[in-house]
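Here are a few notes from going through the model. Have the viewer open while you read.

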Amino acid sequence: MSWWALPSFVGMLTALYAALNSNKYVRYPANLYFSLLSFLIAWWCMGQWIVLPWEIYSYRYFFAKLQYIGIAFTPFMWLAFALSYSDYNHWLRKYQTVLWILPGITVFAAFTNDYHSQLWQSFQVIPGQLASQIEYGPWFQVYALCAYMVVLAGTVILILRIRASSGHWSQLLAVSCAPVFVLIANMAYLFDLNPLPVDPTPSGFAIASLIALVALRQKLFSVSLVARREIFRQLADGIIVIDHRLLIVDRNPSAQKLLNNELAIGETIDTLLPAGFLHKPENESSQMRLGGLWLDIRFSSPLNLNNHSYGRIVVMRDITQEVATQETLIQTQVQLKELNNKLDHMAHIDELTGLANRRRFYEQLNHAWSISQQLNNDLSVAILDFDYFKQVNDTYGHQTGDRVLSQAAQSMQHQLNEMDLLARLGGEEFALLLPGRDLESALHVADRIRTALTREVFMANEGTQFHISVSIGVASLLSAKGSADLLISKADEALYYSKQSGRNAVSFARMDGEIRRYPLATRSQ
């Protein structure tokens with residue numbers, strides 16, 4: 001192997017070392033781009049030393065194509081690293097696809113050059129010469145110009161980022177010198193100013209890699225005291241440092257903003273905070289309202305040096321939005337509870353009469369049936385249907401019919417106690433749930449309702465007065481042992497019997513099939 005392969009071999013090794021150890025010295029996610037950059041440089045350098053011993057055209061031409069993977073992507077990876085290190089990751093994520101278009105085209109041009117000669121117009125291997133004789137095509141000129149601009153842009157971005165924090169001259173020197181050596185070597189080669197028998201660009205990479213290696217070993221790209229100071233300055237939370245006499249010795253801009261620039265070095269902090277705040281346990285959160293802001297305030301444990309307490313750190317966080325959100329959440333929960341109650345009411349209450357609806361009635365019936373089975377209590381039901389109610393709607397109109405149902409519901413409700421449940425099943429059909437009542441008691445209640453409705457005076461829109469009657473069927477638990485559905489079925493049979501036997505009547509049905517009409521105390525048509 002020619003000794004001229006040594007610089008590119010050294011460049012490959014140092015680049016590989018930098019790639020494998022970047023996570024130790026460069027913060028995430030910039031370390032990922034730095035690793036990829038170093039691998040690409042190692043690939044570029046390997047592409048030189050691996051072909052120098054050979055003068056076979058096909059061998060050199062093949063590895064020249066492979067080498068372009070490193071050549072094409074290295075400048076753009078340098079820019080990606082610069083953007084990531086300078087905290088432009090959001091921009092990098094957004095435009096990352098665009099960034100790789102040009103190097104992707106260049107690699108494609110290298111592997112398809114035989115068909116268009118846009119990258120190399122001629123590629124010759126001269127016996128006795130280490131370097132291949134290459135005449136570059138139009139696309140190479142475009143790529144080279146873009147690559148120089150990209151390297152320059154990445155270098156400027158890094159310089160501006162590092163220069164923003166004082167005390168980083170070593171970083172600044174490393175970032176400035178490393179790409180300069182590569183650019184000088186590459187430009188000397190492209191403009192025929194190269195005194196060496198080989199492309200000096202990998203030699204430039206060897207020098208740049210050594211500079212990067214030294215920079216990494218010295219942790220020039222890690223978080224330093226200056227970086228910590230920068231973090232302290234840029235924190236969104238307010239930070240105040242006080243000494244053992246409660247005097248303010250330092251504060252960041254966020255603390256000044258939260259306290260309306262009322263923080264002066266040397267001022268005592270107890271003039272800004274309410275009495276008792278300084279005596280709270282360490283790291284205990286306290287809230288206070290200051291002006292139009294709500295602040296969350298925490299005190300660190302005492303700062304000790306050589307077993308001597310010399311101060312504390314006060315951390316302030318603006319929680320105004322959180323408090324407002326919490327208040328809004330509480331209000332929303334109250335409104336949601338009210339809405340749920342309203343929905344529950346709508347789901348169980350008949351809108352026209354205000355009575356329980358069909359769903360509510362059957363829920364209560366099943367519950368009452370279960371209790372009566374467990375405790376052996378009486379349970380009765382009644383089904384009510386207004387007589388000739390269609391004639392009311394046809395004669396006086398549906399609005400009058402609705403008013404009749406509502407008025408009748410109120411009249412029936414007055415005949416019941418708080419344990420009884422009156423429900424509208426639909427149309428002019430109603431139901432009574434009478435827990436704790438035997439058949440005799442249930443019949444008495446039903447007839448009382450029938451009598452009250454017969455005496456009720458109803459009025460049409462034009463002032464015409466009229467009366468209505470109701471037919472009722474009653475069934476009791478003891479007369480319908482089996483199920484709640486059977487109880488309803490027996491009450492329906494009794495209702496049908498009342499209708500068939502002249503209406504305006506109360507009837508009851510027994511389990512053995514007997515259906516009888518209840519004696520009426522008062523009969524009014």
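1. T112 is buried, at a relative accessible area of 16% (buried is under 20%, exposed over 50%, partly exposed in between, with a 1.4 Å probe and protein chains only). T112 lies in the loop between α5 (101–111) and α6 (113–116), and its side chain reaches the backbone oxygen of F108 at 2.7 Å.

2. Some ground rules before going on. This is a predicted model, so local features need pLDDT of at least 70 and side-chain atom pairs 80 or more, while totals for chains, interfaces and linings use all residues. Numbering starts from 1 along each chain as its sequence is written, and side-chain values use heavy atoms, with hydrogens and water left out.

3. S507 is buried too, with a relative accessible area of 0%, and sits in strand β15 (residues 506–509). Leaving out residues up to four places away in sequence, S507 touches L443, I472, G473, V474, A494, Y497, S498, R516, R517 and Y518 (contact means heavy atoms within 4.5 Å). The C-alpha atoms of S507 and P519 are 8.8 Å apart, with the two residues twelve apart along the chain.

4. Now the helix pair. The axes of α3 (residues 57–85) and α4 (residues 89–99) come within 9 Å and cross at roughly 165°. That makes α3 roughly antiparallel to α4 (angles over 145 degrees count as such). On the α3 side, F76, L79, A80, L83 and S84 meet N89, W91, L92 and L99 of α4. By class, that contact has seven nonpolar, two polar and no charged residues.

Key
Axes fitted to C-alpha atoms, helices over the stretch in contact; angles between N-to-C directions. Helix = DSSP H or I, 4+ residues; strand = E, 2+ residues; numbered from the N terminus. Parallel < 35°, antiparallel > 145°, perpendicular 65-115°, else oblique. Nonpolar A, V, L, I, M, F, W, Y, C, P; charged D, E, K, R; others polar. Polar contact = N/O pair within 3.5 Å; in protein donor to acceptor, adjacent residues only side chain to side chain.
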